[in-house]
Amino acid sequence: MAELSEFGFRPGLSFLHRLDARFKLLFLLLLSLSILRAEFRGLVFFTALFLFCILRIRISLISLIKEMRYFLLLLFFVFAARALTVPGEKIFQYWQISLSRQGILEGCLVCWRLFAVVLLGLCFISTSRPSEIRGAAEYMLRPVPLIPEKRVGIMLSLLIRFIPLILNQAKETAEAQRARGIEQRKNPVYRLMKFSIPFLRRIFEEADGLVTAMEARCYSENRTPPEYKAGKEEWIFLLLAGFVCAMVLFIS
Amino acid sequence: MEIIRTENLRHRFSDGTYGIDGISISIRKGEFVIIAGANGCGKTTFLRHLNGLLMPCEGSVMVDGISVTSDPRRARQMVGMVFQDADSQIVGETVYDDVAFGPENLCLERAEVRCRVESALESVGLSSFGDRRPHLLSGGEKRRVAIAGILAMQSEIFIFDEPFSNLDYPGVCSLLEEIRRLHRRGHTILLTTHDLEKVLAHADRLIIMQQGKIVRDGLPEECVKGSDAFGVREPFASRQGMELSSWLN
Ligand SMILES: Nc1ncnc2c1ncn2[C@@H]1O[C@H](COP(=O)(O)OP(=O)(O)OP(=O)(O)O)[C@@H](O)[C@H]1O
Ligand SMILES: [Mg+2]
């Protein structure tokens, strides 16, 4: 499970890779806000744009869909909920269950919007190094009072580092127990206890070890600041993105 | 000149066992010291006192004339430590970030950080691994990342806790080469192992521990005689009465 490969940074030299992460974060905000208000015409435009970017970053669409299968399932439920509950002109009825035209349209719209946001997020995640994202988040939080942005930055990076570790740990614990025949036991409560106690203990030990490792390498909040590289390109893109959002909102 | 000095160092764990029990030692600047001993004899516990990860229950540790208890941060700047378990040492989300973590904590300039990271990755043979995610690497590769992370800090003193475990033959050779280079440049090196064959020929001094105490301390060729009694295999060449041979040629 730690190999969620499509949803991670992939090195490359495309224009998206070269952009400053702070601006990319800004685009992310701007575009997702306008996606959530866009109608079909706007969505067609955005989807085409993101698919183009995804192809440019060389992510294979097939593996993408495979990785997103649970998300697609979720989208289907969202769609079904909409289609079945929104009142309107009935096109199909069976006993108490009825599908309405408006419901289907609205369901499609909502699902498409969510899907487009995920594609956008994918474009962002796969072209920005985790350290750049952390730097960008630190930068954006700087003017916010009462939030220690450096600490938030370090927490972000630890989180990114820790999630695969926890998943790995879960897998290893489960494998170790299977190797010793836990499947002979049918009682689910027994199995859960036998799994969760060593699992939690290991996670805490791991966290403790991480603190030690950071201390051993002189961790303090006073560190070399993250690197930013905004130039003319970034501002042009920002203008362009602003213009696109305005256009999309206008036509829909 | 003396760089590390411990006096009657004892550490008692919370369950009552003594990890180390009365260690007094003095290490000169630029010395290459090997600490050997069976599993559980207290090597790791001892080394963790040198950069303040563990604090002594009794006795004192001085690094470069200043007590570690009073200024652990300074001790950590002077002493770079490669952990026995590489997994627990990696903190970065990519290989590059992990190696840069130490230099960034030292508040170095960005350009200097990059330069150090690149040369550290180069010397462990991972130049092309910068963007890989550490948790997906093999055991030996993780160990190399951990070593690069310490090399990039360019500390005065290097501690390697069982650095050769998990490494393949070329990996052992390039690490030995790197350690020898550091030694020649005047860094002080402490290395623990229970397999003397690989390194003994390069060391200046051998310390053998047993049950938290130092039982032998001196020149490698002399100390190693009969080390089997302490759970450390005497190298083949030494048994045969020959000169210790290096893995590097
Ligand atoms: N946190 C702890 N709590 C209790 N006892 C501990 C703890 N850590 C280590 N010990 C005990 O202290 C002794 C010395 O451990 P240490 O890790 O220093 O051994 P080592 O020489 O590094 O062994 P190895 O060659 O296996 O790495 C062992 O007997 C161990 O069981
Ligand atoms: Mg040890």
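Trainee: Is B:Asp98 buried or exposed?

Mentor: B:Asp98 is buried, at 0% relative accessibility. Buried means under 20% relative accessible area, exposed over 50%, and partly exposed in between, with a 1.4 Å probe and protein chains only. Keep in mind that this is a predicted model, where local features need pLDDT of at least 70, side-chain atom pairs count only at pLDDT 80 or more, and totals for chains, interfaces and linings use all residues. Residues are numbered from 1 along each chain as its sequence is written, chains are lettered from A and ligands numbered from 1 in the order in which they are written, and side-chain values use heavy atoms, with hydrogens and water left out.

Trainee: Which side chain meets B:Asp98 in a salt bridge?

Mentor: That of A:Arg217, at 3.0 Å from N to O. A salt bridge here is a side-chain nitrogen of Lys or Arg within 4 Å of a carboxyl oxygen of Asp or Glu. A:Arg217 sits in the loop between H9 and H10 of chain A and B:Asp98 in helix H3 of chain B, so the pair joins two chains. A:Arg217 is buried too, at 1%. Helices (H or I, at least four residues) and strands (E, at least two) are DSSP runs, numbered from the N terminus.

Trainee: How many salt bridges are there over all chains?

Mentor: The count comes to 30. One of them is between A:Glu221 and A:Arg151, with the closest N and O atoms 2.7 Å apart. A:Glu221 is in the loop between helix H9 (188-216) and helix H10 (232-251) of chain A, and A:Arg151 is in helix H8 (149-179), 70 residues apart.

Trainee: How exposed is A:Glu221, and what about A:Arg151?

Mentor: A:Glu221 is partly exposed at 33%, and A:Arg151 is partly exposed at 41%.

Trainee: What about chain B: which side chain does B:Arg205 meet in a salt bridge?

Mentor: That of B:Glu31, at 3.3 Å from N to O. B:Arg205 is in strand S9 (205-210) and B:Glu31 in the loop between strand S2 (18-28) and strand S3 (32-37), 174 residues apart. B:Arg205 counts as buried at 11%, and B:Glu31 is buried at 5%. Elsewhere, salt bridges that share partners join B:Arg10, B:Asp21, B:Glu58 and B:Lys213 into one network.

Trainee: Changing topic, what coordinates the magnesium ion (ligand 2)?

Mentor: B:Thr44 through OG1 and B:Gln84 through OE1, at 1.9 to 2.2 Å. B:Thr44 lies in helix H1 (43-50) and B:Gln84 in the loop between strand S6 (79-82) and helix H3 (95-105) of chain B, so the pair ties together parts 40 residues apart in sequence. Donors are N, O and S atoms within 2.8 Å of the metal (3.2 Å for Na, K and Ca), and water is not among the atoms, so sites may look incomplete.

Trainee: And S6, what sheet of chain B is it in?

Mentor: An open sheet of six strands, in the order S6-S7-S8-S3-S9-S10, with mixed pairing. Two strands pair if DSSP finds at least two bridges between them. S6 and strand S10 (213-218) are the edge strands, each pairing on one side only.

Trainee: How do S6(B) and S7 of chain B pair?

Mentor: In the parallel sense, over four bridges, with S7 covering residues 157-161. B:Gly80 has B:Phe158 in S7(B) as its bridge partner.

Trainee: Which helix lies across S6 and S7 of chain B?

Mentor: Helix H5 (139-151) of chain B, running at about 175° to S6(B). Axes are lines fitted to C-alpha atoms, for helices over the stretch in contact (heavy atoms within 4.5 Å). Angles run from 0 to 180 degrees between N-to-C directions.
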